[in-house]
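Let's take a friendly walk through this model together. Have the sequence and the 3D view ready as you read.

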Amino acid sequence: MEPLLQLPVSAVVLDGGTSLPPGTLDLLRALRAASIRAALTIADGTARDVLAGTRIRPLLDALVEASDDGGTTTSSRSDAGPFGEACRRLGVSAARSLLITDSEASIEAGATSGFGLTVGIAPDPRRAATLRRAGADAVVSRLDLLEVSPSGVIGRVGAPDEWVLRFVGYDPDAETTRESLCTVANGYWGTRGAAEEATAGPHHSPGTYLATVFDAVADGAAVAEEIVNAPNWVRIDLRPEEGDWFRADRADLLDFRQDLDLRQGVLRRMFTYRDDAARETTVRFRRIVSQADPRVGAVEATIVARNWSGRLRVRSGIDTAVRNTSTDTASTDRTGRRRQHLLVRECRHVSPDTLLVEAETRTSGVRIALAERTRVFRDHEQLPTTMEFMRTRGFAFHELSVDLDEGKPIIVEKIVGVSTSRDRATASPSASARSTAARAPRFSVLLDAHAHAWEELWSAFAVTVLPVGGHGQALNVNTFHVLQTLTRADEDLDAGVPARGLHGEAYGGHIFWDELFVYPLLTLRRPSLSRSLLRYRHRRLPQALRAASEAGGSGAMFPWQSASTGEDVTPDRLFNPLTGRWIPDHSRLQRHVGLGIAYSAWQFYQTTGDAEYLAEEGADLIIGVARFFASLADWDDGRGRYSIRGVMGPDEFHDGTPEDPGTGLTDNVYTNVMTSWVLLRAIDTVRLVAARPDQAAARALTVTPQELQHWAHIAGHLRIVFNADGTLSQFDGYDHLTAIDLDRYRERYPTFGRLDLVLDAEGDTTNRYQVSKQPDSLMLLYLFSAEELRELLAHMGYSLDADTIVRTVERYSRSSTYGSTLSNVVHSWLEARRDRSRSWQFLERTLQSDLADIQGGTTRYGVHLAAMAGSVDLLMRCYAGLETRADTLWLHPLLPAELESLAFVIIYRSHKLAVSITHVSIRLESAPGEANPIRVMVEGQSVVLRTGQTRVFDLRPPADGPKA
């Protein structure tokens, strides 16, 4: 049982309306067994009909018939309506009672009455979200999902709510991880789920990050950039007069709950505590970063004095004394100090309820302005308050006092507008932030618009699986975090795909190759998002061209890690926590990041058919990358092959030979195969752009026939190395490295996945061994189907039969440490056709990458966005066998035994397709509209699908029936 409230309840009020929900009798019996008093409120005059034929009346301690206007028909009428009257008759305060209802109005009335807990009843996720938005603490679909313990604690049984990530109980050691998982964001900015009163320390790392705001920092020998921790806008401090300011770390907590509403992007934090004067206070926080108005954030605090009346002191403000603290040790300076990037330029009181803060980053000179408006309400009426503007230790705030009556809630609303000097169409950040805060409506109105925006997103991105099971929640958690990180990407924002989201400072907030795993999820749902994010790379193409030239090459050399300018911000050192020492980091040799960019640009074109994109931007990226890797390829007369030297593949365990570490590898299989593929696609791109009536784009590419011929020759003659057993080799010399006994290390080290750090601690190096963090050769089978990879290698003059593929997978699966969260994505994909049970195990591990913090402590620094996207993509593309190539949508589904059905919606070449898959059939339904017919290939059957058409394909073997 998952407790809904850690405190036992003294009474339950069941709102019956005109009917009783199923399970009422069993719940009432359980309440009676636990000595919990129960009341039923029903519509006026319906008691006889509602209770007829039931055995409920003897189990009720009170029955209240409510009139239509919310009064009661009794002579002892309560000012609080029927629910207050029910509590009066039961002799229990609302603060110690539970209200159960299926009505929004009743939930709102329960909040006004100060109920300790409100549970909604809803038959579907959309309705459940509406009840949570109205103020329900929890929502169940049936009353039999509620359980009552002998001590009077009420909880939920069954699978966890797939739309709510819930934490019960305060655990200081888990706080930083919860902060990452409870981040709320909208793509423009994001705020970690730190407590409203928290400041940075051992158990808390408050953080707010704006998608495009970086600042320079010295990191070893290099000057790099990292994302900036902006002023903390959620700060609210509370205390009864003459009491201490509330701090969860030292409070006597009677109840603590925190949950993230994934359906509508709301973070809720609820607790009851007892102070030194034995006063008990319940506080409910709700927080949003608006999807409807991206430069708005809001916090609502509902405060109830449970057993006292008196004055409450409130501080609501913005903390400017922030540093980069939610990071790994690689981002401290050499003395271990955390970095402070902000200089406060303005901090003042601008109206009776509004204050303004403007700060500037020390090196990059980006100005960040936040304007905060604080108001107090009781019973929907604003209370007159006198606010004193104060500053202390970087915390600028309004301090106010408000009278609390026992059991009567008050609401503190904090609305914040944000703007930076990077924003378009603004006079100044300060003016924009002030205007945003001034025009913003109340929290409830902001919440409604925000929730509607989330419903629109979920209509496009939700993946429905049956049975739902426990993985439904994980699937929604991962989708949610990807969406809230990226959904505000547009041409004005100039944001890339941050590897760790807007959830922390890991990797400095940099953009890596991880986007390769994210784009499929976006391109097949909201192509405009992928185009805007790819534009981040296109805007930095001039820097990539300069980098290639400075390195002695041609074309575009994109950096392994990128931030604001596109310069290489990859650190040159890595901290080993096992030794406390810094070790050299040569990961900047991972030039393959450019190959991934070209791959993504071509796949965007294949999925959308957007010829304008290809001509205007995509061709520049593909041709630039092709030219660079062509310039790396050296001809070997003896072999009659081209070789590429001095690079690293995705497997970061090898950066050179054992004798010459840090100098790169020769003929890395991933790099060479991808180079061949990109060169062939570059040739295709030139042909497509040249076929356009307007020749301006083709002329701008400046590709000569001789260059095309050279590319074709390289593509067909790049060297691929095979091991002695005939399997694909990671690189030249890999087969001569020493085999390693992974079991020996698996038993001794909890950080076994990072074997490079383990061996370094033993004075050794992974360069000496046949071991992989994430095998390069297997990444190829993630990006290409076996059929496509065979065709590609055949073009290069090599044979790759089915048996060789199987043995290659088996060999590297045995020697992989799965040290990256992406390893599970890749291996689940690889096993989908070979061992579906094993594939499902990898998928489950992928789904839990951050929820279970499978790397043992890294989630606290930010989520792993690519693994999150990859887990969703596994269901959508891998198990559906979905590919977009050769101007065709391919579907070759094969569901694992754990799934009965799978359903999702995609956008393919302007068709909106509802895809439903079972073990025996696949249904494609194209929505009505205007779009050219598309070609679809299902299990070898090619059909043309027009808008408004539906096709159903039989997946059973021919012996069971002909295909439809």
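Which residue in β40 is the bridge partner of V936? The partner is V943. This is a predicted model, where local features need pLDDT of at least 70 and side-chain atom pairs count only at pLDDT 80 or more, while totals for chains, interfaces and linings use all residues. Residues are numbered from 1 along each chain as its sequence is written, and side-chain values use heavy atoms, leaving out hydrogens and water.

Let's stay with strand β39 (residues 934-938); strands here are DSSP E runs of at least two residues, and helices are H or I runs of at least four, numbered from the N terminus. On one side of the pairing list, β39 runs antiparallel to β40 (residues 941-945), with five bridges. Strand β35 (residues 888-891) runs parallel to β39 through three bridges, and W890 has M937 as its bridge partner.

Now look for W513 and F517, which touch the most other members of the largest nonpolar core, a group of 215 residues. Such a core is a set of buried Ala, Val, Leu, Ile, Met, Phe, Trp, Tyr and Cys residues joined through side-chain atoms within 4.5 Å. Helix α14 (residues 611-632) gives the most to this core, with 12 residues.

Finally, a word on confidence: pLDDT, the predictor's score for each residue from 0 to 100, averages 93 over the chain. It stays under 50 over residues 68-79 and residues 329-337. Where pLDDT is low, the predicted coordinates should not be read in detail.

Notes: Buried < 20%, exposed > 50% of the residue type's maximum accessible area, 1.4 Å probe, protein only. Contact = heavy atoms within 4.5 Å. Pairing = 2+ DSSP bridges.
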